[in-house]
Amino acid sequence: MAVIRSGRMVPFVALILFALIMYVYLELGKRGRVPYVRRLAAFDAIEEAVGRAAEMGTPVVMIPGRAGWTSSYVAQTVAGLAVLNYVARLCARYDVRLWAPMSSALVMPIAVENVRDAYAAEGKLDAFDPVTMIPFVSGSQFAWASGVIGYYAREKPAANIMVGAFWAESMMLAESAARVGALQIGGTARLYQIPFFAAVCDYVLMGEEIFAASAYLTKENILLATLVTQDMFRLAGWILIIIGAILSTAGIKAIYNFLGM
Amino acid sequence: MSVVYRRYIPLVVAFVTGAIMILEYYISENYKVVIDAADVLKTWRIILSTVVFIGVINLFRVHGRHISRRRPGQWYYSAWLLFLIIFYAICGLVMGVQSDTYVRWFVNAVTVPLGATMYASLCFYMAAGAYRVLRARSLETFLLLGAAFLVIMGNTPLFPYLWPGFATIRNWIFDVIVTGGMRAIRIGVGLGATATGLKTVLGLETGYLGRRR
């Protein structure tokens, strides 16, 4: 009796291998062997954005995407909340108003705790006001977008940081924030929204770059070490693609059949 | 207790639910226990959706504050919003939310057209964004402008009619250049999401919970 479903053996083995390699690099990370991580200008610019808001006396808008906890976009929400935590800490440190509009009621309580932790870590818990900082605007896509655009027009934020999963509203938000002169940092792993952010935002995080948020912003050795696993699998992917393309051109479907096991 | 409640319990919940959902994808249909456990979690997902009440409570707190302070230019919109929330809730409770009820008619007549209007306005945002980006200031932007010009020509009915090559060029740009780039990003996204998922399930990724050490 088969334990693994037909056609999913190779992905399962790949997942196990992924976890094992991650564990090895995690142990190496604990011992201080940290890989080189290239600079990501968008993450570096977050402090500049919050500093700009402090100088101008206007708020910072931080949107951790519009996805919830129960879809395939949850990894992007996790990345967005990691950035929210970092932005909230900076806002607390520099006494800048933070506004993080929520679209998912499932994410909202976690975001509230996340920001509360950031303010507590900076010793500014008395400045934490979840009602005005992390409002639930709407669960409906365009009603939520209208609310956020209205806030841009009224408050003219100095910085607009968007990291997470976005849909058609991405262009509306980015363009509206650009019109009020906000410094913009946009990042998403949704392929169709990346060009919109690339067109309008000052700094862009493309695809997988947002998943490095937690490691890059905290500089924790363990998390930085796990990034190597992705690079190793990417290399394996390239090798498979090249060999597969050559073999397929020659009429041999060995790689194709292997991956379908 | 606070550390247990605020840190360890969420991590245990993330591990158990994550592990079950991963297993459910890979394990054979013969192992009913895992499949059933995943089904239960999916059903819980629907129940958990009822936490939308948290959002509603927040809306009442935010907008109730606007009304009580008579915030200029804001309080009457807040009052209207809260009135509509209550009105729709009562209508839904009394009449139900089936397609033949008045409450559904209200949604179809108000919410749907408003959403469609917002969606339609997207073309203006895109045009403004395109104007912002499509300026030949360097070699890269010149190439982008050229590619955009050819794609726009290929997408119109008139130009491919005058010269079919426009459609061919447009298709080649999409099928070769765009698809290649998007696949590369997609592979990276898949690996990044897998790593983040595993780190979350294993309790290594705690950024979403805040940094409680």
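Modeller: Start at Gly186(A), which sits opposite Val204(A) of β5(A). Keep in mind as you look that this is a predicted model. The strands around that pair are β4(A), residues 183-188, and β5(A), and they pair in the parallel sense over 4 bridges. As a general point, strands in a sheet are joined by backbone hydrogen bonds, in either a parallel or an antiparallel way.

Now zoom out a bit. β4(A) and β5(A) belong to an open sheet of 5 strands in chain A, ordered β2-β1-β3-β4-β5, and the pairing is parallel. At the edges you'll find β2(A), residues 98-99, and β5(A), residues 203-206, each with pairing on one side only. There's a helix to look at here too: α7(A) lies across β3(A), residues 159-163, and β4(A), and it runs at about 165° to β4(A).

Next, a pair of helices in chain A. The axes of α3(A) and α4(A) cross at roughly 35° and come within 8 Å, and the crossing is right-handed. From α3(A), the residues making the contact include Leu81(A), Leu84(A) and Ala88(A), while α4(A) brings in Ile110(A), Val115(A) and Tyr119(A), among others. Sorted by class, the residues of this contact are 10 nonpolar, 2 polar and 2 charged.

Both of those helices, and α7(A) as well, turn up again where chain A meets chain B. That contact takes 58 residues from chain A and 49 residues from chain B. On the chain A side, α3(A), α4(A) and α7(A) are among the elements that give two or more residues, and so are α1(A), residues 9-30, and α10(A), residues 221-249. The chain A side comes to 38 nonpolar, 13 polar and 7 charged residues.

Finally, look across at the partner. Chain B is split into domain 1 (1-69), domain 2 (70-120) and domain 3 (132-201), and the C-alpha centres of domain 2 and domain 3 of chain B are 39 Å apart. The radius of gyration of chain B is 26 Å, whereas a compact globule of 213 residues would come out near 17 Å. Along the principal axes, the C-alpha atoms of chain B fill a box of roughly 70 × 50 × 40 Å.

Technical notes. Residues numbered from 1 in each chain as written. Chains lettered and ligands numbered in written order. Predicted model: local features only at pLDDT ≥ 70, side-chain atom pairs only at ≥ 80, totals over all residues. Contact = placed C-beta atoms within 7 Å. Nonpolar A, V, L, I, M, F, W, Y, C, P; charged D, E, K, R; others polar. Pairing = 2+ DSSP bridges. Axes fitted to C-alpha atoms, helices over the stretch in contact; angles between N-to-C directions. Left-handed = near helix turned anticlockwise from the far one by under 90°. Domains from an automatic or database assignment. Rg over C-alpha atoms; globule rule 2.2 N^0.38 Å.
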